[in-house]
Amino acid sequence: MKSAPKPERRPGSTPEIALVLGAGGARGLSHIAVLEAFDELGLKPAQISGCSIGAIVGAAYAAGLSGRDLREHALQSFRDRARVIGKLLDARVGKLADLVRGLGNPVLIDGERLLDLFWPEAVPDRFEELAIPFTAVAADYHRHAEVVLSDGPLTPAVAASLAIPGLVRPVALGGRVLIDGGAIDPLPYRALLAPGRIVVAVDVSAPTTASSDTRIPGAMEAIVGASQILTRTLVQRMVEQQPPDILIRAGADRIGGLDFFKAKAILAAAEPIKDEVKRALARALEARD
């Protein structure tokens, strides 16, 4: 993994801000509230890094869409359940008949087709066309290594970052087979830590549920749930070893990884995050003066 360039800060200069948006499924819609806080402060991050849902939201923000634009797009996209399900069916790799014939997973999604169906039209085709430098983090399936993607075609890179095994098809890119970056670095902030830079990392991984909950999850829920357990565990260890300059914990309680139809509730629950982000940035900027 290549480390981001480390800026030298001149006396009296404003430190640059790097924004990192983590993995977490539907809880990642909470990232939008953080982006709105940046917009309301009139601040733009110098660079953005994202993993999984964080890569989807981060790339759209890096394209020049505002937090409000993304809020409206999310609410509109998940308002019509039948339309969303129709789009998901269109993005499937296989067919239900394949299950009977033993030919594969009939619900496996093509991530690139999924992004084409759900991303705002303003998101460009290539990294180089983005308004803010952006990196998407994926995992190399065969080499067991983190892969940082920052140039070339944007859609396959983000599709790789969100390729949850068993749910979204792996992506062949640059001679590698790539899967969900959450398997190795769900909150990719460590390479961005540097003097003269404020790193804001937004963790949307799911906390544990009530110990009295004995409900057995369905197959699809279990796949995503296992991914969320891994994400939370990795993030906790990373933060304990080397925390970011600003850590924001976001995401409504008791929201599953696939609860995108609860977009309105997720965004409403994330509203208090705006003030937390503004206070944290004010303290960090004041401390660097």
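1. The largest nonpolar core has 69 residues, and L19, F38, F134, L154, V158 and V200 touch the most other members. A core here is a set of buried Ala, Val, Leu, Ile, Met, Phe, Trp, Tyr and Cys residues joined through side-chain atoms within 4.5 Å; buried means under 20% relative accessible area, exposed over 50%, and partly exposed in between (1.4 Å probe, protein chains only). Helix α2 (residues 53-62) contributes the most to this core, with seven residues. Helices are DSSP runs of H or I with at least four residues, strands are runs of E with at least two, and both are numbered from the N terminus.

2. A word on the source: this is a predicted model, where local features need pLDDT of at least 70 and side-chain atom pairs count only at pLDDT 80 or more, while totals for chains, interfaces and linings use all residues. Residues are numbered from 1 along each chain as its sequence is written, and side-chain values use heavy atoms, without hydrogens and water.

3. F134 is worth a look. Leaving aside neighbours within four places in sequence, F134 is in contact (heavy atoms within 4.5 Å) with residues including A55, G58, A59 and A62, as well as L154 and V158.

4. Next, helix α3 (residues 67-77), which holds L75. This leucine is partly exposed, at 25% relative accessible area. Beyond neighbours within four places in sequence, L75 is in contact with A263, K264 and L267. L75 and K262 are 187 residues apart in sequence, yet 9.2 Å apart in space, C-alpha to C-alpha.

5. F261 sits in the loop between β8 (246-249) and α9 (263-269), and is partly exposed, with a relative accessible area of 30%.
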